[in-house]
Each structure stands twice: as structure tokens, then as C-alpha cells.
Amino acid sequence: MAEENLTDISFIYNDYQRALTSNTAFAVFGTLVGIVGNFVIIVFYFLRWRVNEERYFIPILAFVDCMACISGGCLYVLSNLFWLHFPSDVLCRLLYFIHVFISAVSGHIILAISVQRYLLICKPYGPHLTLFRKRTSLVLITIVSLVYSLPVLKISGTALTQETYQEKPVVYMECYFVTNNTPIHSFYTYLLLVITLANIAAVIAVYSPFIRKYRSVISTKNPDSNSVNISTIDLFRQRLNTGSTQTDSFHESGQENNSALQGEADNLNQTRPFESREDTSRAVTIRKKRMVTRMSLMFSVII
């Protein structure tokens with residue numbers, strides 16, 4: 001019944017055809033890049049990293065982000081193709097709900113990864129996220145995200161609008177995130193904003209001490225400038241990659257790495273006798289700066 005009341009709006013599409021086409025092309029491109037990128041991460045995880053308990057969240061996050069790219073791409077492309085005559089109210093509500101729900105799950109998984117790394121590096125002798133706790137946290141993330149995403153099914157949908165365009169009355173059907181701007185709907189919109197900002201703030205709060213710990217480990221120097229505490233850095237990486245909670249094995253492996261790396265450093269000095277200690281120290285300093293830069297960049301991308 002509503003579609004019968006729509007006026008001929010083809011002339012509006014003609015006026016905005018270039019903008020709609022470029023917007024659609026950009027959405028399709030972004031969707032494809034996201035799908036391929038996350039698919040590569042999933043394949044790389046199972047073929048290269050294999051199954052690693054400490055990377056439990058990585059393939060799940062990649063899968064969720066892949067679904068977010070698909071849902072977001074469908075929402076934006078359909079909104080462009082059917083800008084002023086969206087075909088289905090149910091489809092509109094489902095697209096917005098799925099988009100909000102999947103995005104919420106993705107953001108909270110990033111927070112869980114941040115907490116995991118914080119406990120692993122900054123609290124090595126404290127409690128850790130065991131496999132059971134990780135699975136439990138994933139279930140809680142899904143339930144919480146679902147609970148505060150469900151209202152989207154109520155507030156979103158299509159709405160019949162009548163306006164004047166170029167002195168011509170037009171009636172069109174558009175898909176809206178909020179169909180009626182009531183106080184309760186406005187409150188829910190601001191609530192989503194607060195949840196999003198709180199999640200970002202929590203990730204920053206958890207990652208900040210992790211980055212400081214990483215910087216302090218890298219900046220630590222031994223009396224022998226050739227070694228520059230590389231064993232500590234490798235031990236840091238080992239803890240981050242394996243997630244071992246056995247502190248004795250850390251100390252033992254650290255001592256073994258220290259003696260092995262010291263032997264490598266001695267061999268390096270013998271094979272390159274003409275290099276000065278200043279050159280070696282400069283090369284190590286550049287290496288450490290690159291490591292800090294990569295970690296800071298990763299932190300910025302996550303946020």
C-alpha cells in the first residue's frame with residue numbers, strides 16, 4: 001500500500017547518480033578488502049600459527065570482522081540502490097540489527113584481547129585467561145552485545161516521507177536507523193555512543209601499561225652494549241606468543257636464551273672485528289626504535 005503512494009522519483013536519482021555510484025563502488029571495494037583480509041588471517045592462523053590457545057580470539061575476531069564487512073557492505077549498497085524506495089521494512093531492521101550486533105561483538109573481543117595481553121605481560125605471576133575463561137568471556141560478550149542490540153529491531157525500519165524537491169512534491173520510502181525521534185529512541189542512540197566510547201577508553205586503559213612495559217623492556221640496556229638485553233626482549237615475545245604461565249620455565253628459558261644469545265654476540269664480534277662498538281650500538285638502537293614504532297602503530301590501529 002505504501003509503495004502505491006510513492007511518486008516518480010527517478011529525476012532525483014538522475015541528479016545524484018554520480019554520488020550514489022561512487023559511494024556504492026567505495027562500499028563494495030571496502031567490503032571486498034575486508035573480506036579478503038580477514039580470510040587471509042584465518043587461513044594464516046590455521047596453516048602457519050596452527051592452533052594456539054593464546055591466539056584463541058584472533059580467528060574468531062577475523063571471522064566476526066568478515067561478517068561485519070558483509071553486513072555493512074550489504075546495508076550501504078542496498079541503501080544506495082534503493083535510496084528513496086527501500087523494498088522491505090523487515091530487511092531494513094535486520095540489516096541495522098546485524099550491523100550493530102556484529103560491530104559490538106568485534107569491539108568487545110578487541111577489549112578481551114587487550115585484557116589477555118595485559119595479564120600475560122604486566123601481571124605474569126597473577127591470574128590468566130585460561131581456555132575456559134576465554135570461552136566464557138566470548139559467551140558473555142555475545143549475550144551482552146545481543147541484549148543491547150535488540151532494541152535496534154524496534155527503533156529502525158522504513159518510513160514514508162513527503163517533501164518538496166525542486167518545487168515538486170515527492171513521497172518516498174527510506175530506511176532509517178531511527179524512524180521516530182522520540183526521547184526514548186534518542187536515549188538509546190546516546191547509550192550506544194556511550195558504550196562505544198567506554199569500550200575504546202577501556203582498550204586504551206588496558207593497552208597503555210602494556211605499551212609502557214614493552215618500551216621499558218626494549219629500552220633496558222645491559223653493561224655490554226652488544227647484548228642490549230635481547231634475551232629479555234625475546235622472553236617478552238615468547239610470553240606473548242605462547243602465553244605460558246609457568247614462571248620457572250620462563251626463568252630457565254631466559255637463562256638459556258641469554259647464554260645462547262651471548263654466544264651469538266661473541267661470534268658476531270669475531271666475524272666482524274672491524275665494526276666498532278658504536279656502530280653495533282647504533283644498529284641495535286635503530287632496531288629497538290623500529291620495534292617501538294611498530295608496537296605504537298599497532299596500538300593506534302587497534303584504537
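Valine 115 lies in helix 4; helices here are DSSP runs of H or I with at least four residues, strands are runs of E with at least two, and both are numbered from the N terminus. The model is a predicted one, so local features need pLDDT of at least 70 and side-chain atom pairs count only at pLDDT 80 or more, while totals for chains, interfaces and linings use all residues. Residues are numbered from 1 along each chain as its sequence is written, and side-chain values use heavy atoms, with hydrogens and water left out.

Back to valine 115: at 29% relative accessibility, this residue counts as partly exposed. On that scale, buried means under 20% relative accessible area, exposed means over 50%, and partly exposed is in between (1.4 Å probe, protein chains only).

Now for the whole chain. The protein chain has 10 helices and two strands, and reading along the sequence gives the pattern α-α-α-α-α-α-β-β-α-α-α-α. Of its 303 residues, 37% count as buried. An unreviewed UniProt entry places the feature "transmembrane region" at residues 25-47, 56-82, 94-115, 136-153 and 187-207; UniProt positions are given in the numbering used here, feature names are shortened, and annotations may be inferred rather than shown by experiment. In the model, residues 56-82 are 93% helix and 0% strand, with the end C-alpha atoms 40 Å apart. Residues 187-207 come out at 100% helix and 0% strand, with 30 Å between the end C-alpha atoms.

Helix 4 itself has 33 residues and reaches 49 Å from first C-alpha to last, close to the 48 Å expected at 1.5 Å a residue (the expected span is 1.5 Å times one less than the number of residues). At its start, a side-chain oxygen of serine 88 reaches to within 3.4 Å of the backbone nitrogen of valine 90. Such a polar contact is a pair of N or O atoms within 3.5 Å; within protein, one must be able to donate a hydrogen and the other to accept it, and residues adjacent in sequence count only if both atoms are side-chain atoms. Further along helix 4, serine 114 is buried at 1% relative accessible area, and its side chain reaches the backbone oxygen of isoleucine 110 at 2.9 Å. Helix 5 (residues 131-149) holds serine 149, which is buried at 0%; there the side chain reaches the backbone oxygen of serine 145 at 2.6 Å.

The count of salt bridges comes to one, where a salt bridge is a side-chain nitrogen of Lys or Arg within 4 Å of a carboxyl oxygen of Asp or Glu. Arginine 93 pairs with aspartate 89, the closest N and O atoms being 2.7 Å apart. Both lie in helix 4, four residues apart, about one turn of the helix. An α-helix has 3.6 residues a turn, so residues three or four places apart point the same way. Arginine 93 is partly exposed at 24%, and aspartate 89 is partly exposed at 27%.

Finally, Val90, Leu94, Ile98, Leu146, Leu150 and Leu153 make a nonpolar surface patch of about 450 Å². Patches are made of residues with over 30% relative accessible area and no salt bridge, with like charges joined within 9 Å and nonpolar side chains (Val, Leu, Ile, Met, Phe, Trp, Tyr) within 5 Å; accessible areas come from the Shrake-Rupley method with a 1.4 Å probe, and for residues only the protein chains shown count as cover. Helix 4 (residues 89-121) gives the most, with three residues. Leucine 94 is found in helix 4 and is partly exposed, at 38%.
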